[in-house]
Amino acid sequence: EDRGVVSNEHALIQVAQLLQVGPNVLEDVLTSFVTVTRGETITRYNTPEQAEVFRDAMAKAIYGNLFGWIVARINHLLHPETTDGAGTRTISVLDIFGFENFDVNSFEQLCKRGQ
């Protein structure tokens with residue numbers, strides 16, 4: 001049977017620590033698929049190609065969620081919940097292309113501008 005395996009044990013352990021799960025749990029998630037039907041648990045093992053797709057999808061999901069959290073956190077820090085505007089912080093960026101002035105500026109616009 002052509003079954004996917006994790007070839008880099010060191011990377012598996014590091015990622016598992018960052019995700020706060022056991023290495024065996026992470027390896028199972030990447031290399032197998034569990035289905036429960038009528039109370040019966042069926043485990044199917046991913047091929048190496050399927051395991052790569054799972055790995056890449058998981059990395060993209062983690063990156064997307066982390067980026068969203070960072071953007072939300074920066075926006076919150078730049079625009080704290082105040083009624084009188086006191087203590088409002090700003091970040092100004094001037095590049096060789098000039099700058100744009102929007103009614104509402106956010107970290108997302110800065111990221112899009114840099115692309």
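I began with the second largest pocket, which holds about 510 Å³ of space. For my own reference, on a 1 Å grid over the protein atoms alone, a pocket is an open set of points with protein on both sides within 12 Å along at least five of seven lines, where a 1.4 Å probe fits, and lining residues have an atom within 4 Å of a point. Grid points are joined across faces, edges and corners, and the volume is the space filled by probe spheres set on the points.

I noted that this is a predicted model, where local features need pLDDT of at least 70 and side-chain atom pairs count only at pLDDT 80 or more, while totals for chains, interfaces and linings use all residues. Residues are numbered from 1 along each chain as its sequence is written, and side-chain values use heavy atoms, with hydrogens and water left out.

**Pocket lining**

I found 20 residues lining the second largest pocket, with Val6, Leu12, Val15, Leu30 and Arg55 nearest its centre. Helices H1 (9-19), H2 (23-31) and H3 (48-78) each supply at least two lining residues; helices (H or I, at least four residues) and strands (E, at least two) are DSSP runs, numbered from the N terminus. H3 gives the most, seven residues.

I sorted the lining into 14 nonpolar, four polar and two charged residues (Ala, Val, Leu, Ile, Met, Phe, Trp, Tyr, Cys and Pro are nonpolar; Asp, Glu, Lys and Arg are charged; the others, Gly among them, are polar).

**Helix packing**

Next I looked up H1 and H2, whose axes come within 8 Å and cross at roughly 105° (axes are lines fitted to C-alpha atoms over the stretch in contact, with angles from 0 to 180 degrees between N-to-C directions). I therefore wrote down H1 as roughly perpendicular to H2, a label for 65 to 115 degrees. Leu12, Ile13, Val15, Ala16 and Leu19 of H1 touch Pro23, Leu26 and Glu27 of H2, contact meaning heavy atoms within 4.5 Å.

I then saw H2 and H3 pack at about 115°, with axes 8 Å apart. Here Leu26, Val29 and Leu30 of H2 meet Ala51, Phe54, Arg55 and Met58 of H3.

**Hairpin**

Last, I found six bridges joining antiparallel strands E1 (residues 32-37) and E2 (residues 40-45); strands pair if DSSP finds at least two bridges between them. Thr35 stands opposite Ile42 in E2. Two residues separate the strands of this hairpin, and Arg38 in the turn has a positive phi of about 50°.

Note on methods: Angles under 35 degrees count as roughly parallel, over 145 as roughly antiparallel, 65 to 115 as roughly perpendicular and the rest as oblique.
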